[in-house]
Each structure stands twice: as C-alpha cells, then as structure tokens.
Amino acid sequence: MTYQRNLVSLNTLNEDRSWELATYERCGGYTVWRQVIAGEISPKEIVDAIKDSGLRGRGGAGFPTGLKWSFMPRSAAGQKYIICNSDESEPGTCHDRDILRYNPHALIEGMAIAGYATGADVGYNYIRGEFMDEPVPRFEAAVKEAYDAGLLGKRILGSGVDFDLHTFVGAGAYICGEETALLESLEGKPGKPRFKPPFPASYGLYGRPTTINNTQTLASVPMILRKGAKWYAGLGPEGSGGTALFSVSGHIEKPGNYELPMGIPFKDLLEICGGILGGRQLKAVIPGGSSVPVLPGELIMSCTMDYASLQQAGSSFGTGAVIVMADTTCMVRVLQRISRFYMSESCGQCTPCREGTGWLYRMLTRIVDGKGREEDLELLLEVANRIEGRTICALGDAAAWPVQSFLKHFYQEFEYMVRNEGRSMVIETG
Amino acid sequence: MTEDQTFTIEVDGQQLEARPGQMLIEVTDAAGINVPRFCYHKHLSVAANCRMCLVEVEKAPKPLPACATPVMNGMKVFTRSPLAREAQKGTMEFLLINHPLDCPICDQGGECELQDVAMGYGGDISRFTERKRVVRDEDIGSLIATDMTRCIHCTRCVRFGGEIAGLRELGATGRGEHLRIGLYIEHAVASELSGNVIDLCPVGALTAKPSAYQARSWELSEYDGVAPHDGLGSNLHLHVRRNRLMRVVPRENEDVNQTWISDRDRFSYQGLYSDDRLQRPMLRENGKLREADWQEALMAAARALKDASGARIGALISPSATLEEHYLATRLLRALGSNNIDHRLRQGDFRGDAADPALPWLGQRIADFSNNQATLLVGSWLRKDQPMLNHRVRQSQIDGALVMAINPVAYDFNYELDVDIVCIPSAMTKELAGVAAALGVDTLGIEAVPDPAHHGIADSLKSAAQGTVLLGNAATMHPDFSLLRALASGIAAAAGVTLGFVGSGSNDCGAWMAGAVPHRDTGGKAIAPPGLDAAAMLEQPLDLYLTFGVEPEMDVAEPARMAAALGAAQLLAIGSHTSPWLLEHADILLPAAAYAETSGTFVNIEGNAQSFRGVAAPPGETRPGWKILRVLGNLVGLDGFDYAESTEVRDEVLAACADLAPDNRIGDLQDRKPKSAPGEWERVGGVPIYAVDALSRRAHALQLTPDAWGGELRLNTAAAAALDLGEAAAVRVAQGEGSAEFEVRIDDAVPDGCIWLPTAVPGSEALGAAFGPVAVEKA
Amino acid sequence: MSMRSQPMVRVEKCEHKEALFTPEVRAEIDAWVAKYPERWQQSACMPALTIVQDMNGGHLTRELMDQVADYLDMPPISVYEVATFYSMYEHRPVGRHKICLCTNVSCMINGSDGILEHLSNRLGIGFGQVTSDGKFSLKEVECLAACGGAPMMQIGHNYYENLTPELVDQILDGLE
C-alpha cells in the first residue's frame, strides 16, 4: 500500500530551498494568515476548526490542541503569549529539527495564527541550545524574511493585528521540554517545572495567560486551516486525525523522519523504512520516545500507529519516535541507559524523582556489572511504582514506565543476568 | 463565588469550613489535622517539591500534595487512607536513602522534623544498599553551621532569602541528584535575618553554630522571653539548661514578629557569658577599685545618694531597662529631690522637650506597617536598626507600597526605595522642609523650594489610604531632631498619614510611662520646672551620677563630654558588664542582672506591655536591677519601696498610667533655629546593628558577621581623593577635644563632604556627637 | 500561595556596565534583552551566559558569571543557579573543538560505544578530558535529536551523523 507523504508539516520538503519564504508561498503558504489578518476568519472559527480537526499535541502528551487553545481568556485585558516548544529532546525524536530547518515558515505561520486565535500578540519559539547547527539560524532567517515581507510586526499589512515573534535558545536540559519548566527557563531561571494548577492558560509566562504547543503541532495549523478540519481529521482514524512525523531509528535500514498519516499499520511503517537492519528479527519497539512503555515485536506488529491502538497495547503514541530493536539487543543494557537518561535529566526538585531515578540507575548498573541480586528485580518495580504519579511533572512517570514495561516484557533477560553474574542472555544464547 | 464565602469540605470524615483560594493544607492545619510536610511553610511561597504532604482526594487518580491543592466545594480528602499512607511512606523512603545516619552526632536530633515524620509516616526498614551521596560543606559564616549532606532539598532556606530576607544568598545550584543548596561561592551570609533558616531547616543541615554540640534539645527547658534590643519586643523562646541560657529561638506572634527574629535577638545571649560580667559589687577606695559585699556596697551607695544634694544628682538610664527599673529609678531620684533623670541617652536635641508628645510611639500597630501604602523614613536605616519592622515595610513594598527616605547615607535596603534623598546631615532639615513646602505646610522658617523628589514624596503620602512618616534613630540623634520632628508632624497631618517614632532601645515607651525623663512624671504628668535632660546633665556637671544598664563611653550621645563630666564626679554605676572606662572611673559598681536573668516588662513601641520572668541564673552575686533599686530606696529611707515581686511594681506603674495612651501629637516648637553646623567635613554617626548595647557588643558570633563594624570609616571616592586617602589607609578624625584613628573604606553611598563614622564603637569614646563638623586628615 | 511574577529581590544596580565585556558582546546581550518585557532582563541570562562562554573560549568563570549578574541586575546566586543547571555551560576549560558524543539508546544500539573507543584511542582522552594541546575535548551527551543519523556527534555547533571510525578520522583531520 502506498501512503501519501509530507502532507502537512513537511509539505515543502521536496522543494528546492524548501525553507525560503518564496518557496513556502509558492506552495500556498501564508494564504491563511493573510485571510486571518484581513478579518476573514475569526478567532473562534480558528479554535473550532482546530478542535474539529482532532489535532492533538505532538510533543508527547497528545492533549487536544483546540481544547487547549480554548482555555485561554482570549478577550481578557493584558499581555498573553503563544510559545512553541522546540526543545525536542525525547530520545528517539528528531523530527522537529527537520521542521525547523526545512519548513520553518509553516511554524511561523502556525504560531501567528495560534496567537491570533488565543489573543496573544507575542510569541517565543524555545529552541534547544544544541540546535545552533542548522535549525536556529534557519528559523531566525525565516523570521527575518517574514518581518521583511511585512507578515510579522505591528499593524501587519495595514490591519489592526500585531504579532511579534522571538527566538529563545536553550542550553541543554531535557526537562525544559516540560511546558512549565520551559516557562521557568524563559524567565531566566533553572528549568524546574511548576506545579499545576495553576495552568499556563491562567498563569504562564511572567504570570500572564500563555499557551505552549509543540513545533509539529503548530506547524500543522496552516495546512489544517487551508485544507479544512474535515480533511485533516479524515487522514487518520477516529481520535487520531491528521498526519504525524515518525522519527524511526535504531536497528532499521532507512532511519529518518517520515511524515505519514496517523493510523498507519506498524508493519507498513517498518516496510517503508526498509525493514530491520541487516534483515534481523524484530525484538522490541519503543513506539513514542523513551518515556513510553516498550512493546515486544510480536505485539506491535499488530498495532496501528495511533493513540488508541498503542494505548490498548499498553504503550502510547508519545512523540512518534519509533526506536526499533533487533534480536541482538540486550534489553537490560538498554533499560540501564534509559534510566541513566532520566537520572541525568531530573531537575532535582522533588523527592521521588531526584532520589529515585538515581536509585533505579544504580540498581541496574549493579545488575549489569554482575552484582545483581534476586530481590533487585522486585525492588526495581517497587521503586518505579513509588515514583509514578508522585512527582510534580511527568518526568517521574517517564522514568518509571520503562522500568515497569521492560521488566514486564523481558523479565527473563533480567533474571538471567542477575543469576549469571552480569552476563547477557542475548549474547550467551544468541 | 466571592472570597468571603465559605463552603464545606470533608477530611477524614470530618466536615471543615474552607474559603476559595485556600490550599488544602491551610484548612487541615487550622483544624489540627496532622498532614506531614517539609517544604511547606505558611509564610513562604508554596513549592510542593518535598511530596511529603501527598493525600488521597476522591476522584483524583493520583495522590495530591495538600499544600498545592486548592480546596473545592464538596471535596473529600483522606489523609490516612492506604493510598495516602503508601505515598507518604514512599516519599519518606526516598528521603532517607541518601540521608546520612548522623542522628547520634547531629544537633537537630530530638527536634528534627525528619525524625518525627519518619516515625509517624515512614517505613521501618531500609532497602537501599547503594552508596550514599556526600556533599562538601561550605563555611557560611559565624552564625549558621552547615552539614549539607543532611539536606533534603526542601528549599525553605532558598525561598526565605528571596521572600523574607529580601536578599538571595542561598540557592539551589546543579541539577538532579547533584542539586546542592548553598552559596556556591563560600562567604559569610550577610542578611540580618539569616539565622531564621536554622528554624526553617527541617533537618540538621543548617544549625546554630554558636550553640553547636552544647546541649540536646530534650535537656532544655523552654521559657517565654522578649527581645531586649529594639522596640519591637519580638517574642522569644529561651532555652535554658541548668540555669544557663543556651540559645534563643522565635516565639510565634503574628502581630509582632510572625515566626521570625533578627540575628541580633537570636545570638546576643552570648554576651551574657562574657568574661567581663560584673559579678560582685565594687567600691573605689584610695583610687583603687576593690570587691565588696552587697551590704557594704549598698550602704556606700545609699550614703552617696543621701549626701548629695538632690538637684546635683543625675541619672542616665538605659532605654532598654525594664519598666519596673525605670519606675523605681524615677521614684528614687524624685524622692531624693532630683528631676535629672533621662533615658534618651543618644538624643541630639532637647529643645523640643516642652512640645514632646504625651507618649511617643510607633503611631500604628506593628502589623499595620505591612499594609501601609506609603512610608517616608526620615533618618532611618530601618533595615539594621529595627529589622523586624523593616520586614513589615518590605512586605508593604512588595504589595505595591511606595517607600521613600531622607537619609544622610544611601543606606542599603532590601527593597527598592521609590525616592531616596541622600544629603549631608546639616541639609536634612532643608530636605524635609522641601516636602513640607510641597504640601503647603509650615516650614518653620526654613527656606525650601520643593523639587520633583519632594513633590513625589508629598504626592505619594497624600494619595496613600494608609501611610506613615517614621523618624528613625539617625533623626533622633540629629542636632535638629526637634525641627525634623516638627516638620514630620506637619507633613503627616497634611498628608493624612501617621507620625511614628522607633525608639532607641527595647523600652522607650516604658521609660516615658514610668517618667524616666526630666520633664514628665509617672503617668505623663508634666513637671515644672523640668530637670536636666541627658545632654544638659553632661554640659552642667553634677556631683553624683547614677547610671543604669549603661556603658557610658558607648551609650551616650557625646562620649568625650560624658567622660569629662562623669569622670570628675562621683559615679554610681548599676549594670551587667564592666567596661574599661567604668573600671577606671566608677566609684561604686553594683552588678545587675541582664535580660533573661530578671523578671520585668518591656512596653514595645506599639504600646503593648510584655512581661517576662527571669529564667537564667545571673552570675556571681548579681541581683535583679529592680531589686537593687528597691533596696536603695529602702536604705535612703523612702516610703513605699516594699515590693516583694516585680509584678507589684509593674501593676503600680501601669495603674498610674491608666489614663496615658500612646499619642504622638506634639506641641509648638519655640526654638526653631537650625543648630546643625555645616563644616568642611560632617560626621554621620549611628549605632551599628551589633553595637547597640553591652550584650550585643559582647556576642562573639555576631561580631564576626559582615554587619559587625570592623574599624572602618567610610567616605566616597571624591572625598577620599580630596583627602589623598586610599582604601584601607589610616585616617585621623578630630571632633571637639578628642581624636582617634580609623581605617578608610571607600563607599559611594556616603554623600560628599561627609564621613560615616559610627558611635558606640571602639575609638569613638574620644569623640563627640553622631552628627557635627569634624576634622579629617591622613594619619 | 504566593506566585510572584516580578523579581522580589532588590539588587544593587551596577554603575559601570560600560566596562563589562566588549561592546560587541554587550550589543549582543542587549539584543536579547530587547525581546523581553521591561524588568525581565533576567530572561536574557541564558543567552548572555552562552555569549560570554563563547567569548571566553568555551567555558565560564566565576568572574564572568558575576559580570553577567551585574549586567542584568541579578543576584549572583541566581546566575550561578542557571549556569550550573544547563548541560551546555562549562565550568572548566574545554578543547578548541568540543566533541559531544551521544550515547543514548538509538546511538547506543547503533554503535556509539565503538565510536567512543575510536575517539578515545585516537585522542588519548576519555569523557570529561581535554587533549594536552588543548585542541579537543570529549563530552558524553544525551539525545541530540538526530536519531535518524545514529551514531552521531556534535563538534562546536556542527552535527556529524552516520559516523564510522573512518568518517570520524576524516572529520577530525579537517579541524584546525
């Protein structure tokens, strides 16, 4: 079966110099924005359209975007903000990078429209610091193009609409991908998440009502409004409208980013990506970035890539970052590395995460080093269970879920390593 | 739903009343329901990071932190359900995995929130077998000991800095398990409220250094006390073991000091046990001082008092003496025929005595200061002089109030001043007159054309629904204090705000009530003709001086003049400490108990009488001051000196003051000629925070802090250049007949033509008043 | 509950900002400050630290952090907190070329261990170390969002993906 590619957020990808304003406009870009500032589409109509489209946050949480926008007190007096979360740091995820460097204007137009719809006339794009390579310069150049063309700024194209867009560059902290930690970071502090309530729509950046959306989410907005909510919704199954950027990596022949319709069967995705590297056997897949539960190969082969199917299988759509693992993979070592990630990236604020992630990592390291004990496996699970649901932000959950799911599906490997002084079942038994 | 409407929530089956906007923990705390917590503190912002207060809320899938969960109508909460207990146990387990097993050697043991919560809410066995984390300690000064390995990262101390102390010193650097609370760069913390983090820290990470390792909390008896250094009367708990005061912590009083005390109040107790405590009566015989027993000494004192002609006796009483002591001293002097009694030892100008208020006070309740919308400070470094009052002003400023000042130095405040007029001392009256002129008020003949700053102050005061003009310690010491006061009074009245006085000790109100002034008797009745005020007593030397609780070379306005007068006369000194000057010049020394060792009463500057008992044993032969005065009264043959308890004295003086209410209205000022003499160099004096009295001067730990005066004289860059002085150069100051040497510190907070040289510090004994012309040259 | 949206702490305003850094650096920082509302120049703290770190050859010193605090009217401890929270700030000297090698899952299962071994052998250093001539330093980092090109590394600003030992040699040979 063939699937249409690059329908939404990467739709200029195959054009020459896809990131330039001229290219973007040639492909239909900024038509919606021009309609918006001409007063042809009201904020309410925009919000309703996004609701109807079924667009869900692509940053990992999958929260319905239209609903999130409706939380903003659009007509309340005072400054409001729209923020794009381009802090892409979820292991396995690399698609926002491509939006920023290959189709930045889609994001700019999306942010401007989102700002208009939510009453925010100032937007910030928070880009992770490591993206100084291409994404930041490309995005900033695109912003300049837009300003020069009069598409951003004050009284845009003679209308009464203002929209100013600024770039913010991070400095290396996964936790700043959490929306309230991002706000703290933007305010010039360590990126430590805030407790909720209050939610950003009532108390956000500098205490003002704020909406934070992911890069891909915002970059999808222009096309949704251009082609219509129904069109977008119809691309995917019920509850998972539209397309998604899948970052496929790991033991895969053709790793990379693929914009495909939501709901594509996993086996078709696997085929598009050239199958398992070296023709080996599929062992396990993390379907949505390291924070979501791992699924055994057999299980995911019967899933479709959408929220409902993956949730039913015991995982989650997450960021659409598909990490593929072949039968040569030692699952204990992988879990150890994943646990180490959460230990390094924990902000340290709250007790379960600050203390617990380190404890999990140290136990796993002991096991890998051959000093594991039988009771460690149960303890790993209990510690993970004591972190889950007890923390200020979801990083605690994200640290717990891999431990729970790896132990659930690959318990034998852990048991083997504990009983065999750190030797891997995979390497020993092939 | 409005803020006033209440609704009901259910906690553990109990119906509780709640208001919109409250957090669950506020409601449960008010109801006495025990919810464990570490990071929550009612006077700090919510952090919700310890996760100890997790409770079960119906319909919520996860346990929720009570400190950060807003109450909702009909909410059902379970604080001891299996889910809640499991969550609390989990948090406790995580806190203990890296916490060192220091209890046997940790000062916090026995009063440790971690111990208590672990007992109540934790598991009983540790499952952690990895290596525990160790954190290197920083030396953060002489007051607070650090053992940061014990830190549980509640961040109370960090939030305290920004939110209460107004100074961010402790922070949380690093990330994840490398998060470290500390200064990052080792230095002594500078906030005058820093010691409060010792109370805040739930574990033994931050503990009191001066009392480290000296006692276990269960060995200590806790008694109520009142702080003896400034007029706030901050409430204290005194911790005593075997009659010795081991340490001091705050006693909660929402109206005065909330849950805080200044470092001065916390650590001054060290001065009680200095080597130079006066422990036995002493008499001078043939020019030499020798010890005597009480009988002999009291007889000698009584004889001296009887022999002296009444009007030739003068009494200088510390403004921090108790109400009972002021009263008995007043009775004694007046009965002997002298009205020369005064507690206003540092006041620089007594021309306005006839116009004095009935009972000078703060003008408002202390708690009201948090709600003022405009505050004008005149001659006040409120931050260091009355730290807990400054805290209130700061609270008001955060809420949007405008705080303005007219000061002789750009004093460092821990909040923004909307208007800060900094001028040489002799120009302060002109500046204040400028504000008066802006309000159309009588400027007392001072020529003043209001400039934008004056108008700004005037407008802010006028438009405030509630506000104050506060005369501080520097204003009181100023040679034109009466003018400043008259102008301030006019300004306050015209602007519709209150006028306030801060007092110079802990009991100025009590002193006024008792009549420890030359022109008013107990209860405020006018005395005519008045006796000699504190300055006049030294200008017109007398035959016999009685000093009470005073180190004359440090505690009076003009030390050199004092030395001349008291040195030539007979001196009967009643006090707690000896000083080199007293040992050289006093004829009779009678050892009196210091604070915490005597029962008594302080009336704070909002007019509230707070009584206390003696809880620590005074050393040697020391006796309570009030008893000494009572016996002296007996011995000179006075009636009505038969009190058995200090409470009898208190009740008598309070009864006599039944009709005397705090009242700041002043009369007309007759002598309006400005007395400040501008000179080539003007001295800006003032008493440093840890030099205010004998006790604080001897608190060793306080003298090691950044705020302790270190021998320096400050002047700005231009002044230093004009005098060819570099940083740390030696400089000689001459004032009147005396001179002394100090070390230069360049500080651009000092105006041109001024040197900032405190009083009450070593070296200042030879000099004169806090304000006035001086000669300055390279030494 | 108190959630303040303005800084609550008064800071002594620095009187000599013109003496800090260089005119170019000040102009760069000012451009960042201009993006934020008045009184929120603190938001420029992270960009300022990045700029100043680059100016100083790749690492921050206490003096530089204090100067950032002065320039932005922040309490020094607030700057230290930021400078020690984010991974990209260095507090010890780094090489002229800072090699950041990702060892997270996708890179790990695609052979980042082998790339590490190759780099270590070639340069004679491990993670957290600098070559004696100061040319290279090696740092272990988390996911750099280039998983499609695993294994990969970042040197300076540049991403290098789909690494093999040969490619690594080629890249390093081309660096001055």
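Let's start with strand β23 of chain B, residues 570-575: five of its six residues are buried, so the strand is largely enclosed by the rest of the structure. Buried here means under 20% relative accessible area, with exposed being over 50% and partly exposed in between, using a 1.4 Å probe and protein chains only. Strands are DSSP runs of E with at least two residues, helices are runs of H or I with at least four, and both are numbered from the N terminus.

A quick word on the source: this is a predicted model, where local features need pLDDT of at least 70, side-chain atom pairs count only at pLDDT 80 or more, and totals for chains, interfaces and linings use all residues. Residues are numbered from 1 along each chain as its sequence is written, chains are lettered from A and ligands numbered from 1 in the order in which they are written, and side-chain values use heavy atoms, leaving out hydrogens and water.

Back to our strand. Which strands pair with β23(B)? One is β22 of chain B, residues 544-548, which pairs with β23(B) in the parallel sense over five bridges; two strands pair if DSSP finds at least two bridges between them. Look for B:L546, which stands opposite B:L572 in β23(B). The other is β24 of chain B, residues 588-591, running parallel to β23(B) and joined to it by four bridges. There, B:A573 has B:L589 of β24(B) as its bridge partner. To get from β23(B) to β24(B), the chain passes through helix α19 of chain B, residues 580-585, in a right-handed β-α-β crossover. Right-handed means that, with the strands pointing away from you, the path from the first strand over the helix to the second runs clockwise.

Staying in chain B, let's visit helix α11, residues 428-438. Nine of its 11 residues are buried, so to speak "mostly covered". Among them are B:M428, B:L432 and B:V435. What covers them? The cover includes strands β17 (374-378), β18 (402-407) and β19 (419-422), along with helices α12 (452-463) and α14 (481-495), of chain B. Just after α11(B), B:G440 takes a positive phi of about 75 degrees.

Chain B also has an open sheet of three strands, in the order β10-β11-β12, with antiparallel pairing. Its edge strands are β10 (221-226) and β12 (244-250) of chain B, each pairing on one side only. Between β10(B) and β11(B), residues 235-241, there are six antiparallel bridges, and B:D224 stands opposite B:H237 in β11(B).

Now over to chain C, which has seven helices and five strands. Of its 176 residues, 55% count as buried. Its C-alpha atoms fill a box of roughly 55 × 40 × 25 Å along the principal axes.

Let's finish with two of its helices. The axes of α1(C), residues 23-33, and α2(C), residues 45-55, come within 9 Å and cross at roughly 160 degrees. These axes are lines fitted to C-alpha atoms over the stretch in contact, with angles from 0 to 180 degrees between N-to-C directions. The two helices are therefore roughly antiparallel to each other, a label for angles over 145 degrees, while under 35 is roughly parallel, 65 to 115 roughly perpendicular and the rest oblique. Residues making the contact, meaning heavy atoms within 4.5 Å, include C:I29 and C:W32 of α1(C) and C:I51 and C:V52 of α2(C).
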